[in-house]
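Visitor: I have a model open and would like to learn how to read its features. Could you walk me through it?

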Amino acid sequence: MKVQKVDFEVVVIGGGAAGLSAGLTLARARRSVLVIDSGEPRNAPASHVHGYLGREGIAPAELLAVGREEVAGYGGEFMRGRVTAVKGSVADGFRLVLEEGAAVAEVTASRLLVTTGLADELPAVPGVAERWGRDVLHCPYCHGWEVRDAPIGILATGPLSVHQAQMWRQWSDDVTLFRHTAPEFDDEQYEQLAARGIAVVDGEVTALEVTDDRLSGVTLADGRVVPVRAVVVPPLLTARGGVLADLGAVAVDREMAGQVVGSAVPTDPAGATSVPGVWAAGNVADPTENVIGSAAAGVRAAAAINAHLIAEETRRAVEARQGVRERAGEGDASMDHGRTSPDNGTDGGTSEEFWDSRYAESARVWSGNPNTVLVREAADLTPGRALDLGCGEGADAIWLAGRGWRVTACDISGVALAKARRHAEAADAGVAGRIDWQRHDFGTSFPTGTYDLVSAQFLHSPDDMPREKILRAAASAVAPGGVLLIVGHAGLPSWEPDPDIDVHLPTPDEVLASLELADEDWEVLLSEEHERIQTRPDGQPGTRTDNALKVRRRAV
């Protein structure tokens, strides 16, 4: 599936029950989430999923298809591919490198969830791998009912085999334990087996007999063939944790009764690994978990990730609010609480330093989606030359270039421009080549030339670099027949009605008046205030009032 962008709040590696449940939870939490899956589910050989309430007996492929459809219904995205390496940190963002041939070469994420599951390492007996998941089985809760009352053989490879034989005896009274390569059982174990009527056969198993595509027997080294309908083998359950190892979260051995049964990536109860910003869920963290348990683990991890993101957003919101208070006390006009443009006069350094620091603090500051008013108002315009003022991480410029515009995209932050350039290069072919990224402090420099569309989205700045001056320069850059689109905030958000903050954000009429446009040269196409839903720092829905002004320079 083709992804629309390459920068996400959360990337889930692995599209099984755990990964899809996490994707569903995160998408419903209004997070941008991408699920990357190689298309090699562990349970592909099995014909049905069992123990999953409400989905009992569903085919594994059907369960995953239904899950993908549900996640996509809430805006989650998918990509077929294999992640070969993960680099970065929670502070700088995570960069995922994909194998050659994937839809994109790299994807970035603020948070990472690994649900890659495990690999079953099977005993080297001819026929075992070929019949795996059909009549060569391992889990009585997954397959016991289907072979109830049939002759069942247990292939012993270690001390746990006696326990396995006793378990399978629950489903059939015809259970044979083939000692194969296991050490000699002690007297107490033989007594337990005899008490349950479980036969023990010495000798190494050399092959499985198949008749009419059905398992019919077990062949021993001495040539004997013992009839069975199913064979139980104990696979080594090895975590697929390679990408986590890149970051320092190394899988460790899991033991049961002194025998290593597999490996798993250590996590806390919510799935957090030892690497900040990285979670793991499902069989990669617990090799004994079944499908419904893995799905539940995915939900728990997703909730923990969302809480972690909310905590960071709250911290940033508090910092931003404190910054507004400080600047308001110095007589500054405002600071945007959404996607902003270059700003002068910030505390702790120059405007460029402020925004470079802001864009460097996380993998993605804004949503990665183009501004909604731009999409609505520019969708029907004939592509030509466009100027994006305060382009940030480049979502608007990339959207315009994708529709055929040649875009000059400007920002004061070199960090933002570097991120935007990477996003464009990872988008559809040709997009990057249609964007000219330029660094400008609009108080001292402005891009040259004229444009068929000039877009200023949430361009708010303090008194020492008046917004009006920048917008008048923007109007001067509009070519005959071209459009100037200005979108800004009309007030503070609903959750921040603080009378101590003396902030005035202009109405559309005030913006129009400040442009000082001659009526005979310009036509007003749109002048409105509109309310929209915006997530509050506490994760609850709030409201924000914005204004939009769209004017066209009359053709000569």
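Guide: Gladly, starting with two terms. Helices (H or I, at least four residues) and strands (E, at least two) are DSSP runs, numbered from the N terminus. Two strands pair if DSSP finds at least two bridges between them. In the hairpin of S12 and S13, two residues lie between the strands, and Asp-212 has a positive phi near 55°. Please keep in mind that this is a predicted model, where local features need pLDDT of at least 70 and side-chain atom pairs count only at pLDDT 80 or more, while totals for chains, interfaces and linings use all residues. Residues are numbered from 1 along each chain as its sequence is written, and side-chain values use heavy atoms, leaving out hydrogens and water.

Visitor: How many bridges join strand S12 to strand S13?

Guide: Six, and S12 (residues 205-211) runs antiparallel to S13 (residues 214-220). The protein chain has 14 helices and 26 strands.

Visitor: How do I read burial?

Guide: Buried means under 20% relative accessible area, exposed over 50%, and partly exposed in between (1.4 Å probe, protein chains only). Here, buried residues make up 50% of the 556 residues in the protein chain.

Visitor: And what is a nonpolar core?

Guide: In soluble globular proteins, nonpolar side chains tend to be buried together. A core here is a set of buried Ala, Val, Leu, Ile, Met, Phe, Trp, Tyr and Cys residues joined through side-chain atoms within 4.5 Å. The largest one has 29 residues, and those touching the most other members are Val-11, Ile-13, Ile-36, Val-86, Leu-96, Val-107 and Leu-112. Elements supplying at least two residues each include strand S1 (7-13), strand S6 (106-114) and helix H7 (242-247). S6 gives the most, with four residues. Apart from this core lies another, of 27 residues, among them Cys-391, Val-407, Leu-453 and Phe-458.

Visitor: Which residues of helix H11 are buried?

Guide: Ala-395, Asp-396, Ala-397, Ile-398, Trp-399, Leu-400 and Ala-401 are. That is seven of the eight residues in H11 (residues 395-402), so to speak a mostly covered helix.

Visitor: What covers the buried residues of H11?

Guide: Contact means heavy atoms within 4.5 Å. The cover includes helix H10 (372-378), helix H12 (414-425) and strand S21 (406-411). After H11 comes Gly-404, with a positive phi near 105°.
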